Amino acid sequence: MDTGMDFTGKIALVTGAGRGIGKGVALRLARHGADIIVNDLLAETAERTAQEVQALGRQAYAVAGDVSSSRSVDAIVEKGLQRFGHIDILVNNAGISLYRPILECSEEDWDRHIDIMAKGTFLLMRKVAPGMIARKWGRIVNLGSYVAQLNCVTKYFGPYCAAKFAIIGLTQVAAQEWAPYVTVNAVGPGDVETEMMELEWQQEGAKRNVPPADVKEEYRKRLILQRLETPDDIAKAVAFLCSTYADQVTGSHLIVSGGLPFTVK
Ligand SMILES: NC(=O)c1ccc[n+]([C@@H]2O[C@H](COP(=O)([O-])OP(=O)(O)OC[C@H]3O[C@@H](n4cnc5c(N)ncnc54)[C@H](O)[C@@H]3O)[C@@H](O)[C@H]2O)c1
């Protein structure tokens with residue numbers, strides 16, 4: 001039996017896991033044997049995901065908290081450590097996105113994106129990595145995006161793209177600083193059917209005076225692979241990066257986008 005994807009005995013902390021991709025990651029890692037610390041800003045959704053993890057036969061602990069504040073991050077990690085003793089896998093997934101031209105973005109729009117995604121990833125890694133280094137094993141996966149690549153064409157996501165590029169830079173530097181025992185990678189989704197994307201289709205639809213369902217169908221049709229992604233499509237890539245199959249992968253940004261930015265011509 002090949003145990004490359006067996007995470008039995010491993011503890012994973014997944015941020016923003018109350019819904020969407022984070023929830024998909026929590027459930028996927030649990031299916032492969034991990035016990036999960038489920039973080040979300042919203043206690044109720046974190047608790048719901050924890051219950052679904054438990055229904056898969058794994059242990060789960062819901063810890064509500066805001067990843068953009070160091071005090072809150074310290075509390076999230078310390079509660080997780082009190083419950084499980086160590087953290088082997090960290091998935092920095094919590095995020096927000098706003099469809100808005102740069103000239104209409106406020107200082108607050110900028111700060112929220114940078115604080116939740118770039119600073120949140122920094123705070124979590126800074127708090128969790130020392131334990132991984134001491135235990136000589138750790139896997140960190142940060143959520144990037146297909147838009148966080150050079151030459152990517154996108155409009156109306158200025159603060160979002162800036163935060164995602166920051167995450168990729170941080171991923172590459174951390175991979176070098178914490179080698180050889182801790183690998184640090186990013187996964188870059190394309191268009192995943194989650195509440196974040198539903199909101200984007202609504203916002204774009206309102207701007208162009210087109211029904212959101214039509215915008216969604218346009219997005220699907222432009223994909224080379226012809227289907228929108230599911231949270232589990234991304235979760236499988238995260239699981240790969242945490243598995244022994246990826247022992248020689250660090251500092252990478254694995255694009256899992258159905259082919260984006262390449263589109264059907
Ligand atoms: N959906 C996509 O197509 C797509 C594409 C590229 C990248 N991503 C990235 O994947 C990640 C998850 O996206 P999603 O589509 O599942 O989004 P989502 O909006 O459906 O879920 C995000 C979750 O993060 C939580 N969250 C937000 N702010 C938080 C905070 N300060 N502290 C803790 N939790 C917080 C929310 O409560 C929510 O449960 C994000 O980083 C996003 O940028 C998504």
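The shell around the ligand divides into 12 nonpolar, 13 polar and five charged residues; here Ala, Val, Leu, Ile, Met, Phe, Trp, Tyr, Cys and Pro count as nonpolar, Asp, Glu, Lys and Arg as charged, and the others, Gly among them, as polar. The model is predicted: local features need pLDDT of at least 70, side-chain atom pairs count only at pLDDT 80 or more, and totals for chains, interfaces and linings use all residues. Residues are numbered from 1 along each chain as its sequence is written.

Of the 30 residues around the ligand, Gly16, Gly20, Gly95, Thr194 and Met196 come nearest (near: C-beta atom, placed from the backbone, within 6 Å). At least two shell residues each come from α1 (20-31), β2 (35-40) and α6 (195-208); helices (H or I, at least four residues) and strands (E, at least two) are DSSP runs numbered from the N terminus.

Domain 1 (11-192 + 230-256) and domain 2 (193-228) both give residues to this shell, so the ligand lies between them. The domain bounds come from an automatic or database domain assignment. The C-alpha centres of the two domains lie 24 Å apart. Nine residues of domain 1 are in contact with 10 residues of domain 2 (contact: C-beta atoms, placed from the backbone, within 7 Å).

The residue classes of two of these groups are as follows.

| Group | Nonpolar | Polar | Charged |
|---|---|---|---|
| Side of domain 1 that touches domain 2 | four residues | three residues | two residues |

In the contact of α1 with α2 (residues 43-55), Lys23, Ala26, Leu27 and Ala30 of α1 meet Thr49, Glu52 and Val53 of α2.

Definitions and conventions
Two residues are in contact if their C-beta atoms, placed from the backbone, lie within 7 Å. Axes are lines fitted to C-alpha atoms, for helices over the stretch in contact, and angles run from 0 to 180 degrees between N-to-C directions.
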